[in-house]
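Let's take a walk through this fold, starting with the overall layout and then moving in to the side chains. Keep the model open as you read.

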Amino acid sequence: MSMSGHQSPVMGTDEWLTPPEILAALGLFDLDPCSPHESRRPWPTAAKHYCKEDDGLSQEWQGRVWMNPPFGREATKWMRKLAAHGNGIALIPARTETAMFFESVWGAADAVLFLQGRPHFHRVDGSRAAFNSGAPICLVAYGLANVAALERSGLGQLVPVFRRTAA
């Protein structure tokens with residue numbers, strides 16, 4: 001499993017970093033539980049980082065969390081933990097019809113921001129990929145302060161999540 005993963009069999013890696021301009025637009029974070037190791041991290045994403053070797057999924061999370069989880073099957077575990085934590089923003093594929101989206105976004109988040117355009121992620125050396133993400137990407141907010149951060153960011157279209165209550 002790789003942190004901040006964006007799977008690409010063509011590129012031979014699934015470790016891709018969030019563009020720094022996205023992070024800058026969202027403000028400061030206390031924790032990134034899906035960070036590359038400091039030796040492969042060209043810029044900080046939060047005040048504290050957990051890398052693959054730390055097993056961020058098993059660690060205690062505190063404060064405002066930035067999460068760019070491994071894409072694919074592992075993402076569900078990370079999204080469940082962030083939803084339970086209730087304070088953070090996740091970057092995930094905008095696959096709005098999936099079971100993960102229904103469980104951890106439509107059923108638990110406060111808002112979703114659909115990014116305008118497809119971002120160009122970065123390699124762990126900091127260089128920008130020549131190609132874009134190849135799929136739509138969204139930012140998912142848990143907690144009203146994170147909804148406000150998405151609204152201020154100007155990165156795309158914000159959609160509030162109205163969770164159904166039991167009848």
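This is a predicted model: local features need pLDDT of at least 70, side-chain atom pairs count only at pLDDT 80 or more; totals for chains, interfaces and linings use all residues.

Residues are numbered from 1 along each chain as its sequence is written, and side-chain values use heavy atoms, with hydrogens and water left out.

The chain has four helices and nine strands; helices (H or I, at least four residues) and strands (E, at least two) are DSSP runs, numbered from the N terminus. Reading from that end, the order is β-β-α-β-β-β-α-β-α-β-β-α-β. Of the chain's 167 residues, 46% are buried, where buried means under 20% relative accessible area, exposed means over 50%, and partly exposed is in between (1.4 Å probe, protein chains only). Among contacts (heavy atoms within 4.5 Å) with a separation of 6 or more, 60% are between residues 24 or more positions apart.

Now for the inside. A nonpolar core here is a set of buried Ala, Val, Leu, Ile, Met, Phe, Trp, Tyr and Cys residues joined through side-chain atoms within 4.5 Å. The largest one has 22 residues, and Trp61, Met67, Met79, Ile92, Val105 and Val140 touch the most other members. Strand 5, helix 2 (75-85), strand 6, helix 3 (99-106) and strand 8 each give two or more residues to this core, and helix 2 gives the most, with four. Click on methionine 79: leaving aside neighbours within four places in sequence, methionine 79 contacts Met67, Ala90, Ile92, Met100, Ser104, Val105, Val140 and Tyr142. Another core, of 21 residues, lies apart from that one and includes Leu113, Ile137, Leu139 and Leu150.

Leu150 also takes us to helix 4 (residues 144-153), where Asn146, Val147, Ala149, Leu150 and Ser153 are buried. Seen down the axis, these buried residues fall within an arc of 160°, so they line one face of helix 4; the arc is that of the directions from the helix axis to the C-beta atoms. On the other side, Leu144, Ala145, Glu151 and Arg152 are exposed. The cover over the buried residues includes helix 1, strand 6 (88-93), strand 7 (111-115), strand 8 (137-142) and strand 9 (156-160). After helix 4 comes glycine 154, with a positive phi near 70°.

How many aromatic pairs does a search of the whole structure find? It finds three. Phenylalanine 29 lies in the loop between helix 1 (20-26) and strand 3 (31-32) and tryptophan 66 in strand 5 (residues 65-67), so the pair ties together parts 37 residues apart in sequence. Phenylalanine 29 is buried at 4% relative accessible area, and tryptophan 66 is buried at 0%.

Last stop: aspartate 55, in the loop between strand 4 (48-49) and strand 5, has a positive phi of about 55° although it is not a glycine. Aspartate 55 is partly exposed, at 34% relative accessibility.

Terms used. Rings of Phe, Tyr and Trp (its six-membered ring) pair if their centres lie within 6.5 Å; planes under 30 degrees apart count as stacked, over 60 as edge-to-face and the rest as tilted.
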